[in-house]
Amino acid sequence: MTDQPTPAPETGAPSASHGDSTFTPAFDHPLSPKERMTIDRSHMPEQDALLRAANFREVNLGYSQQLAMLEAERCLMCRNPVCIEGCPVRVNIPQFIERLRVGDLDGAAASLLDDNALPCVTGRVCPQEIQCEGRCVRAKKGASVAIGSLERFVADWAMAHPDRSKADGATASGRSVAVVGSGPAGLTAAGELVKKGHDVTVFEAFHAAGGVLIYGIPEFRLPKDIVQQEVDRLVASGVKIETNAIIGRTYTLRELRERFDAVFLAVGAGLPVFMNVPGENYKGVYSANEYLTRVNLMGAWNPESDTPVLKGHRVVVVGGGNVAIDSVRTAKRLGADEATIVYRRGKAELPARAEEVHHAEQEGIRFELQVAPLEVIGDENRWVTGIRCIRMELGEPDASGRRRPIPIEGSEFIIDCEMVVVAIGTRSNPLLTASEPDLALNQAGYIVTDEHGMSSLPGVFAGGDIVRGAATVILAMGDGKRAAASVDAWLRGEYPPADKALASVSVAATGT
Amino acid sequence: MHTVIDKAQLSPNVTRLVIEAPRIAEIRKPGQFVIVHRAPGAERIPLTIADADPDRGTITLVIQSVGKSTEDLVALQPGEAIADVAGPLGKATELLDHGRAVCVGGGVGTAVVHPIALGLAANGVEVISVIGGRSKEWVIFEDELRRAGEVITCTDDGSYGRPGFVTDALRDVIEAGGVDAVYAVGPVPMMRAVAEVTRPYGVPTFASLNAMMLDGTGMCGGCRVTVGGKTLYACVDGPEFDAHQVDFRELADRLGTYRDFEAHATEVAHRRRAAAQETAADDAGGNCLIPDLATTAERKDAAAAAGEHRE
């Protein structure tokens, strides 16, 4: 920071653009690339670890205006912006950052919202380090531009100023689309399709929309108010949502095909996978789905809620993905003295988002790595008292490219605990798929689609976890956006779509 | 929103609510259930559909008050509404299409077995219903079940009908011969006892399991039950299973998971109700209790966590 350029004074003339007059550029003259390289990455302010481990408020506090304006100056505006290639929904990253740094917040918000239906969500939960930020040229020599933090800043500003970033209403196409599932894939598709003038109805099995964004990801990582605001914005743009509607039960897929011109299936991979070890049905063993749904959707973190959740002093969470980390940090916040992750591979193999692992460590979460569960132990009343485990060593890489864990004979040990949360993955839910024999599925029960997202049933598209298996919010959103383009082409009689920009998004999947 | 159209008290702790749910009324089949979410902050409670009227667009729910959440639900008055009703959920009962069947109902389970009895009768099956309660006032759905066929009513204390347990009456019916299947719905100990009665006779026996669940679509795994040594989900694989294969001990055990929470929440709710009634009485010049006000206050105020399972 020795030869850092002079920041512009905080007060003074309004910004050059038609944006919010309080947003002035960080510097009073355009910087040279060399000058930009001298600015260090702005750290995301966050709640103190000890404080936040005892509450459910958001960990990350968001950039202040000054931090955002300064961070925006770090972007080199590459002629070939590889960051965009790293983004499953292809956000035009340099464009919104450029508008932000000249103080044109309206323009930055409009640009971001045009590309991304749920920017407040992605700015919080995307694994940026392996996507946009992983591609950023500045990462080669130091820290990447904090694209996620900037996205969050612009998205939150847009949410706070709804009148300033309104998209123009599209002409009604006269065509209708049913979207099944209101998670990230479904909401994204709905937002894109309504922009193209189609009449969109989203069907949701639960009593509230949002899917994994409301039942799975905890409040401290993604506040439910934020998700609700995103949903409200979609509803305001014309998306209809029918809750308490289970396709395969309340309505059949056949009925939807009769009622709508096209259907997009985005029901997720909802079935929990259990460990298949003795003692798994003892009281005190939860699937992560059940544990997180009780705490998040049903609000059991709040003592005013009618829905109960068990609270252990010692809680073991089995698994190493984001769902596992969310569960263990939730247990900590619900008062666990010892909240422990049991994961059969090593730290380098943890599939969770790097920031979440880092935050968990700060909060005092214990990691029992290279350890696999053998049995849940219970007392005479079948309450959990512990989990018997075995240590593992890492052998040769397996098909996934990760080193295969091998049990070390004689290394069994017991972790005392009152609760076990199983977060080792999910699989496809047959409720909808089994009700339609003509819908082609692969061996694992996931829906088979062509490269544009259409299933074996004409006019029925699918995306998100029910096609790719458990993955991330942003990959599901990428599928939703791609499917929306395909559905639109289908409705216009121009299928397959010409634009293949989103056809093959290849970003490593790492859990939610 | 699902408006309460009609309400009746059937026994000291069992209430019947008829609510608007046109889609569910139109397509539900015997044995299916709904998940009811009274209002924001309330629990999601699975309840079997006891009856439906597709013309009026209503379904009938029969609810046993076992804690705060169910008490809140039965406190609803006609004209008030339930926020969310999702369904119909679960597999429909596999009904015999000929022969002779016994429908065994205990307590609130009598209401649950009712649509099964009617469905069997509609298939031309001879139905004998064996129902029971502690005493006369606890017997429900007797007249409704007569529409399906013969009804044998049992009371534990002999105050009405045949003295003794439903299992004794069931054994006599089976001994008389010709029973092709038994459908049992009631408290877990009753269903387990029914399974033990029919097992030596090799009569196919089905039990509707009242496991705890959140979503009813297979997502939470909370309703997992062991049937024939395999873990199955009551919500999507059931709720009815081969009673001879069900691990009833595990089911009873898992249903007790939140017993302490429920007891606490109910106690808190009752205390608040009493306090609200006192306040209401004071406001009314010490005149008398104003139950409506009290229940409203209770609904608004009741705080601590509670949980009931499906009954």
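Which residues does Asn281(A) touch, not counting residues up to four places away in sequence? Keep that in mind while you get set up: what you have open is a predicted model.

**Stop 1: Asn281(A)**

Select Asn281(A), in the loop between β5 and β6 of chain A. Now show what it touches: Arg224(B), Thr226(B), Thr231(B), Glu250(B) and Arg254(B), leaving out residues up to four places away in sequence. Zoom in on Glu250(B), whose side chain makes a polar contact with the side chain of Asn281(A) at 3.2 Å. Is Asn281(A) buried or exposed? It counts as buried, because its relative accessibility is 9%, and the cut-off for buried is under 20%.

**Stop 2: where chain A meets chain B**

Zoom out and color the two chains separately. Here 40 residues of chain A are in contact with 49 residues of chain B. The area buried between them is about 3600 Å², with carbon and sulfur atoms giving 50% of it. Go ahead and select Arg249(A), Asn281(A) and Asp306(A): these supply 22% of the area that chain A buries against chain B, more than any other three residues.

Now hide chain B and look at the side of chain A that touches it. The elements giving two or more residues to this side are β5 (271-272), β6 (285-287) and α14 (288-295) of chain A. With four residues, α14(A) gives the most. By type, the residues on this side of chain A are 18 nonpolar, 13 polar and nine charged.

**Stop 3: helix α14(A)**

Select residues 288-295 of chain A, which make up α14. This helix is mostly covered, with eight of its eight residues buried.

**Stop 4: the largest nonpolar core**

Bring chain B back and keep Tyr291(A) selected. Tyr291(A) belongs to the largest nonpolar core, which has 93 residues. Along with Val420(A), Val104(B), Val182(B), Leu209(B) and Phe248(B), it touches the most other members. The largest share of this core, six residues, comes from helix α6 (residues 188-198) of chain B.

Click on Val182(B) next. Leaving aside its neighbours within four places in sequence, its contacts include Val102(B), Val104(B), Leu170(B), Ile174(B), Val194(B) and Phe206(B). Apart from this core lies another, of 83 residues, among them Ala109(A), Phe153(A), Leu222(A) and Ile474(A).

**Stop 5: Val180(A)**

Finish in chain A with Val180(A), in strand β1 (residues 176-180). Val180(A) counts as buried because its relative accessibility is 3%. Not counting residues up to four places away in sequence, Val180(A) touches Phe203(A), Ile247(A), Leu256(A), Val263(A), Phe264(A), Leu265(A), Ala266(A), Val267(A) and Leu432(A). Then try your distance tool between the C-alpha atoms of Val180(A) and Leu491(A): they are separated by 18 Å, while the two residues are 311 residues apart along the chain.

Definitions and conventions:
Residues are numbered from 1 along each chain as its sequence is written. Chains are lettered from A and ligands numbered from 1 in the order in which they are written. This is a predicted model: local features need pLDDT of at least 70, side-chain atom pairs count only at pLDDT 80 or more; totals for chains, interfaces and linings use all residues. Side-chain values use heavy atoms; hydrogens and water are left out. Contact means heavy atoms within 4.5 Å. Buried area is the accessible area (1.4 Å probe) that two parts lose on being put together, summed over both. Ala, Val, Leu, Ile, Met, Phe, Trp, Tyr, Cys and Pro count as nonpolar, Asp, Glu, Lys and Arg as charged, and the others, Gly among them, as polar. A nonpolar core is a set of buried Ala, Val, Leu, Ile, Met, Phe, Trp, Tyr and Cys residues joined through side-chain atoms within 4.5 Å. Buried means under 20% relative accessible area, exposed over 50%, partly exposed in between (1.4 Å probe, protein chains only). A polar contact is a pair of N or O atoms within 3.5 Å; within protein, one must be able to donate a hydrogen and the other to accept it, and residues adjacent in sequence count only if both atoms are side-chain atoms.
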